[in-house]
Every structure is written in structure tokens, then in C-alpha cells.
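Subject: Structure handover

Hi,

Here is the structure for you to pick up. My notes on it follow below.

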Amino acid sequence: IMLMVQRAPTWAEGKKRPADLPEGVWKPNPKALGDFAVALARRYSGHFEDLPRVRYFECWGEANLKLRLSPLWGGKHGTKPIVVDRYRKMLNSFYKGIHKGAGKSAKVVTAALSPFGAKAGLVNVRPLEFWRPLLCVREKGLKPIRPCKKVHFDILAHNPIGHGPPNTAAADKDDITVPDLHRLVDVLRLVPGFQVGYK
């Protein structure tokens with residue numbers, strides 16, 4: 001069993017959510033998410049009658065999509081994926097909360113990103129444009145970014161299923177379908193102490 005947490009209650013969202021966005025995706029409060037993670041992990045610790053023990057907890061789903069987590073873009077020209085910094089805070093708070101509530105045996109899973117995005121500043125963020133800064137890896141030459149605030153998780157998840165046959169590669173170098181997973185692995189290998197494996 002894996003539980004995924006997604007969408008914040010109204011009181012844990014940022015103010016002035018745009019009318020074109022669904023409830024629960026606008027600037028979720030990282031601290032509130034962490035507090036909820038503690039309660040969630042304790043509730044499904046296996047110590048409550050008739051409730052299963054859960055070891056795997058996923059923090060959000062497809063966080064690179066506008067309708068799942070917003071705002072995505074910002075900066076001087078509106079082309080910086082500011083969603084990455086917010087998600088880092090959310091994931092770190094979630095990680096701390098889950099392990100506080102369930103101990104080291106619990107596993108925190110990242111949001112499994114959508115395989116496709118769009119041009120910078122337009123709608124959705126391409127997955128590698130999300131993963132690289134989140135994992136503190138520079139695009140040019142794939143080198144570690146220093147200094148960079150570390151992100152904490154146990155398992156990285158990604159949705160690589162694209163359009164068409166599974167052997168169809170993405171047209172853009174920053175999108176990731178099944179044949180492109182090696183590009184994500186190349187980034188993940190640069191994360192200190194992280195072991196790469198497929199499941």
C-alpha cells in the first residue's frame with residue numbers, strides 16, 4: 001500500500017488563488033503539510049485496529065503540472081520554475097513529518113512527474129527542468145550546484161508513460177518517457193549517497 005497526499009485544504013493554501021485553478025493546488029503551506037504527515041504516519045503505523053500499516057508515502061502527484069501545483073513560473077521574465085523551491089520545502093517538511101510519525105522504516109516517495117512539459121513560462125514544467133534544480137544539479141555539464149539546499153526523500157518516482165508505443169522517445173531533451181529514463185538516472189547519480197535502481 002502507498003498513500004499519496006495531494007491538494008491542500010483551503011486554510012492551508014496561499015491567498016488569492018486564481019479562478020482557473022482547482023482548489024488545493026495554490027501555494028500549499030509546507031509546515032501544515034509536515035504536521036499532516038506526522039498524523040498520517042501515526043494513523044497508519046499498524047498500531048490502530050482495523051487500519052493497515054503503511055510504509056510508503058508519496059508527497060503530491062505530477063507536481064510539474066499547473067493543475068496539480070501552482071504557481072509554476074516566476075522570476076524576472078516569468079521563465080524560472082519557482083515551483084521547484086516550493087516543492088523542496090513541501091517535500092522536506094513531509095519527509096520530516098513522516099519519519100517523525102513512523103520512524104525510519106517508512107519511505108517517502110517524491111511526486112511522480114508527468115513525462116511532458118512545455119516551453120519555459122508556458123503552462124507545465126518539463127520534468128528535467130524540475131528534477132535538476134530540485135536535486136541540485138546544473139544543466140550545463142551536469143555538475144552539482146553549490147551551495148544548494150538539499151532535498152530529502154527515500155524514493156524518486158517518475159511517470160514515464162507517454163503517447164504512443166513505449167519505445168517512443170520524447171521530442172524535447174528535457175521531457176522523459178520510457179526510453180529517456182537514462183537522462184534522469186544521469187542526474188540522480190550526482191546526488192550524494194543515493195543509490196540508483198529500477199522498479
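How many helices and strands does the secondary structure of the protein chain come to? Four helices and five strands. Both are DSSP runs, numbered from the N terminus: helices are H or I with at least four residues, strands are E with at least two.

Some ground rules. The model is predicted, so local features need pLDDT of at least 70 and side-chain atom pairs count only at pLDDT 80 or more, while totals for chains, interfaces and linings use all residues. Residues are numbered from 1 along each chain as its sequence is written, and side-chain values use heavy atoms, with hydrogens and water left out.

Overall build

Along the sequence, the protein chain reads β-α-β-α-β-α-β-β-α. Its radius of gyration is 17 Å, close to the 16 Å from the globule rule for 199 residues, so the chain is as compact as a globular protein of that length. That radius is taken over C-alpha atoms, and the globule rule is 2.2 Å times the number of residues to the power 0.38. The C-alpha atoms fill a box of roughly 50 × 40 × 40 Å along the principal axes.

Of the 199 residues, 43% count as buried. Buried means under 20% relative accessible area, exposed over 50%, and partly exposed in between (1.4 Å probe, protein chains only). The protein chain exposes about 11200 Å², and carbon and sulfur atoms supply 56% of that. Those areas come from the Shrake-Rupley method with a 1.4 Å probe; for residues, only the protein chains shown count as cover. Take the contacts between residues at least 6 apart in sequence: 64% join residues at least 24 apart. A contact means heavy atoms within 4.5 Å.

Strands and crossovers

Strands β1 (residues 2–5) and β2 (residues 56–59) run parallel, joined by four bridges. Two strands pair if DSSP finds at least two bridges between them. Met-2 has Tyr-56 in β2 as its bridge partner. From β1 the chain crosses through helix α1 (residues 30–43) to β2, a right-handed β-α-β crossover. Right-handed means that, with the strands pointing away from the viewer, the path from the first strand over the helix to the second runs clockwise.

β2 also runs parallel to β3 (residues 107–109), with three bridges between them. Phe-57 has Val-108 in β3 as its bridge partner. The chain gets from β2 to β3 through helix α2 (residues 83–102), and this β-α-β crossover is right-handed.

Helix α2 has 20 residues and reaches 28 Å from its first C-alpha to its last, close to the expected 28 Å at 1.5 Å a residue. The expected span is 1.5 Å times one less than the number of residues. Gly-103 follows α2 and has a positive phi, near 85 degrees.

Backbone points to check

Most residues other than glycine have a negative phi, and most peptide bonds are trans. Here are the exceptions I noted.

- Asp-50, in the loop between α1 and β2, has phi near 70 degrees. Asp-50 counts as exposed, at 73% relative accessibility.
- Trp-60, in the loop between β2 and α2, has a positive phi of about 80 degrees. Trp-60 counts as buried, at 1% relative accessibility.
- Ser-70 to Pro-71 is a cis peptide bond, with omega near 0 degrees. Pro-71 is in the loop between β2 and α2.
- Arg-146 to Pro-147 is also cis, with omega near -5 degrees. Pro-147 is in the loop between β5 (143–144) and α4 (181–188).

Best wishes
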